[in-house]
Amino acid sequence: MLKVFYLLIAWLAVLLGTVGIFLPLLPTTPFILLAAVLFSKSSPRFAAWLEQHRTFGPLLNDWQQHGVVSLKAKCSATLMVAISAGLMLWMEVPWFARIAAGTCLLAVMVFLWTRPSVKNSSR
């Protein structure tokens with residue numbers, strides 16, 4: 001039953017990641033990485049399909065083999081974080097929610113920007 005749940009969530013992540021290719025406000029990379037993890041737990045066949053996909057495969061292989069997040073993905077994520085923070089201020093979100101969300105967003109940005117943007121050939 002858990003495998004079916006993982007499989008459904010993985011396909012939802014692939015769908016959202018695909019939509020993110022066309023909509024600048026929706027990120028692609030986190031959804032595809034999530035799909036890869038969930039497919040690895042639920043369907044080796046779909047995990048292999050995703051890893052060999054012409055669009056998503058290079059992104060996954062860069063992450064899995066080299067720990068690389070492209071500069072384009074980092075910039076897109078940073079833009080989305082800035083927009084999210086701006087919306088929280090504009091919408092007058094309660095201070096405790098701003099602090100909680102801001103802390104999470106900051107942690108994501110620190111993690112993301114401390115990852116390499118190019119493959120290190122010495123690995």
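The following conversation goes through a predicted model of one chain and asks what lies behind the words used for it.

Biologist: Why is L60 called buried?

Modeller: A residue counts as buried when its relative accessible area is under 20%, and L60 has a relative accessibility of 0%, which is why L60 is placed in that class. L60 lies in helix α4, where F56, G57 and H66 are buried as well, and what covers the buried residues of this helix includes α1, α2 and α3.

Biologist: Which residues is L60 in contact with, if its neighbours within four places in sequence are left aside?

Modeller: Contact requires heavy atoms within 4.5 Å, and with those neighbours set aside L60 is in contact with I32, L33, A36, L50 and E51. As for A36, it is 24 residues away from L60 along the chain, yet the C-alpha atoms of the two are separated by 7.8 Å.

Biologist: How many residues are in the largest nonpolar core, and which of them touch the most other members?

Modeller: There are 13 residues in the largest nonpolar core, and those that touch the most other members are V14, I32, A35, F39, L50 and L60. Each of the helices α1 (2-22), α2 (29-42), α3 (44-52) and α4 (56-66) supplies at least two residues of this core, and the largest share, five residues, comes from α2. Apart from this core lies another one of five residues, including V69, A73, V81 and L112.

Biologist: Why are α1 and α2 described as roughly antiparallel?

Modeller: Angles over 145 degrees count as roughly antiparallel, and the axes of α1 and α2, which come within 8 Å, cross at roughly 155°. This value is on the antiparallel side of the cut-off, and therefore α1 is roughly antiparallel to α2. In the contact between these helices, α1 contributes residues including Y6, W11 and V14, while α2 contributes residues including I32, A35 and F39. By class, this contact has 14 nonpolar, two polar and two charged residues, and the crossing is left-handed.

Biologist: What makes α1 and α3 roughly parallel, then?

Modeller: Here the cut-off is an angle under 35 degrees, and the axes of α1 and α3 cross at roughly 15° while coming within 12 Å, and therefore the two helices count as roughly parallel to each other. Their crossing is left-handed. In this contact, L7, W11 and V14 of α1 meet F46, W49 and L50 of α3, and the residues divide into six nonpolar, no polar and no charged.

Biologist: How do you know that α2 and α4 are roughly perpendicular?

Modeller: The range for roughly perpendicular runs from 65 to 115 degrees, and α2 and α4 pack at an angle of about 75°, with their axes 10 Å apart. That angle falls inside the range, and therefore α2 and α4 are called roughly perpendicular to each other. The residues that meet are T29, I32, L33 and A36 in α2 and F56, L59, L60, W63 and Q64 in α4, and by class they divide into seven nonpolar, two polar and no charged.

Biologist: Why is E92 called exposed?

Modeller: Exposed means a relative accessible area over 50%, and E92, with a relative accessibility of 65%, therefore counts as exposed. E92 lies in the loop between α5 (71-90) and α6 (95-113).

Conventions:
Residues are numbered from 1 along each chain as its sequence is written. This is a predicted model: local features need pLDDT of at least 70, side-chain atom pairs count only at pLDDT 80 or more; totals for chains, interfaces and linings use all residues. Side-chain values use heavy atoms; hydrogens and water are left out. A nonpolar core is a set of buried Ala, Val, Leu, Ile, Met, Phe, Trp, Tyr and Cys residues joined through side-chain atoms within 4.5 Å. Buried means under 20% relative accessible area, exposed over 50%, partly exposed in between (1.4 Å probe, protein chains only). Helices (H or I, at least four residues) and strands (E, at least two) are DSSP runs, numbered from the N terminus. Axes are lines fitted to C-alpha atoms, for helices over the stretch in contact, and angles run from 0 to 180 degrees between N-to-C directions. A crossing is left-handed if the near helix is turned anticlockwise from the far one by less than a right angle, and right-handed if clockwise. Ala, Val, Leu, Ile, Met, Phe, Trp, Tyr, Cys and Pro count as nonpolar, Asp, Glu, Lys and Arg as charged, and the others, Gly among them, as polar.
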